[in-house]
Amino acid sequence: MIALYIILAILLLLLLISIIRVQVFAQYSDDDFKLTLKVLFVKIPLLPRPKKPKKKPEKKPEEKKPKPKTEDKKQKEKEKKPSYLSKLKEKKGVTGLVSLFTDLAKIAAGALKGVFRHIVIKKLEVGIALNSGDAATTAVQYGKLCSVFYPAVDVITGITVCKDYNVTLEPVFDDERCTEVYADIYAYIRVGFVLIEGLKAGVKLLIARIKM
């Protein structure tokens, strides 16, 4: 009888684990990228990485003269390093960045097809206002951006369960306005689906190993 209770408890525990959602919140704006996971009521910030608390000095430091404002400004500029995405955008441009994400999504879709089809996207908002500084160049780049942006959206919405999405592209011919990129994404997947796909992959690897 005790063994039956243990089995039932294990099955109940597995059931509870299987219905747990792993939620993903991603935001990108003004070269600032934030990525957060949420499991049950626990939020786990992934990007930017939380700063480690500084250790308090054991001895009291000697009193220093206040630094001039110019030095403080330079110090802040040094501390604020550009993110990897901002560097990538500067190197490849917005079109190159979108094209890179499309290629990565296709690779992931092929390798993790079973997992991706269980991902539910509740919110997908992306907006790009493109301005290259010259009207003719902006028009050409806008055409190139459209040719990679909308296929990227089709890839993402095709391999997942996308409930709602809103994407906008806009060519900007105002010299006072710079290129702007904005994204706000909320998606989730149940742990059970990940476990099932993991077991399937494990069985396939085991069968392949036996046949070798």
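Let's start with E180. E180 makes a salt bridge with R177, and the closest N and O atoms are 3.5 Å apart. R177 has another partner. Its side chain also meets that of E170 in a salt bridge, at 3.3 Å from N to O. So what do we call E170, R177 and E180 together? They are linked in a network of salt bridges. Side chains of opposite charge can pair when their charged atoms come close.

Keep in mind that this is a predicted model.

How accessible are the members of this network? E180 is partly exposed, at 39% relative accessibility. E170 counts as partly exposed too, at 35%. R177 is partly exposed, with a relative accessible area of 28%.

How many salt bridges does the structure hold? The count is 3. We still need to meet K123 and D184. These two form a salt bridge, and their closest N and O atoms are 2.8 Å apart. K123 sits in strand β4 and D184 in strand β7, residues 180–190, so the pair ties together parts that are 61 residues apart in sequence.

D184 counts as buried, because its relative accessibility is 10% and the cut-off for buried is under 20%.

That brings us to strand β4. In β4, 8 of the 11 residues are buried, so the strand is largely enclosed by the rest of the structure. Which strands does β4 pair with? Let's take them in turn.

Begin with β7. β4 and β7 pair in the antiparallel sense, over 9 bridges. Look for I121 in your view. Its bridge partner in β7 is A187.

Next comes β6, residues 165–171. β4 and β6 run parallel, joined by 7 bridges. Here, L124 stands opposite Y165 in β6.

Then β5. β4 and β5 also run parallel, and 2 bridges join them. V120 has V161 as its bridge partner in β5.

A general point for reading any strand. In a regular strand the side chains alternate between the two faces of the sheet.

Let's step over to T160. Where is T160? It is found in the loop between α5, residues 135–159, and β5, residues 161–162. T160 counts as buried, at 11% relative accessibility. What does it touch? Leaving out residues up to four places away in sequence, T160 touches F116, I119 and I121.

Now look at helix α5, where P151 lies. P151 is partly exposed, at 35% relative accessibility. How far is P151 from S99? Their C-alpha atoms are separated by 9.4 Å, and the two residues are 52 residues apart along the chain.

Last topic: confidence. The protein averages a pLDDT of 76, and 69% of the residues score at least 70. Which elements sit at the two ends of the scale? Strand β4, residues 120–130, has the highest mean pLDDT of the elements, at 91. Helix α2, residues 69–79, has the lowest, at 50. Why does that matter for your reading? Where pLDDT is low, the predicted coordinates should not be read in detail.

Methods:
Residues are numbered from 1 along each chain as its sequence is written. This is a predicted model: local features need pLDDT of at least 70, side-chain atom pairs count only at pLDDT 80 or more; totals for chains, interfaces and linings use all residues. Side-chain values use heavy atoms; hydrogens and water are left out. pLDDT is the predictor's confidence in each residue, from 0 to 100. Helices (H or I, at least four residues) and strands (E, at least two) are DSSP runs, numbered from the N terminus. A salt bridge is a side-chain nitrogen of Lys or Arg within 4 Å of a carboxyl oxygen of Asp or Glu. Buried means under 20% relative accessible area, exposed over 50%, partly exposed in between (1.4 Å probe, protein chains only). Contact means heavy atoms within 4.5 Å. Two strands pair if DSSP finds at least two bridges between them.
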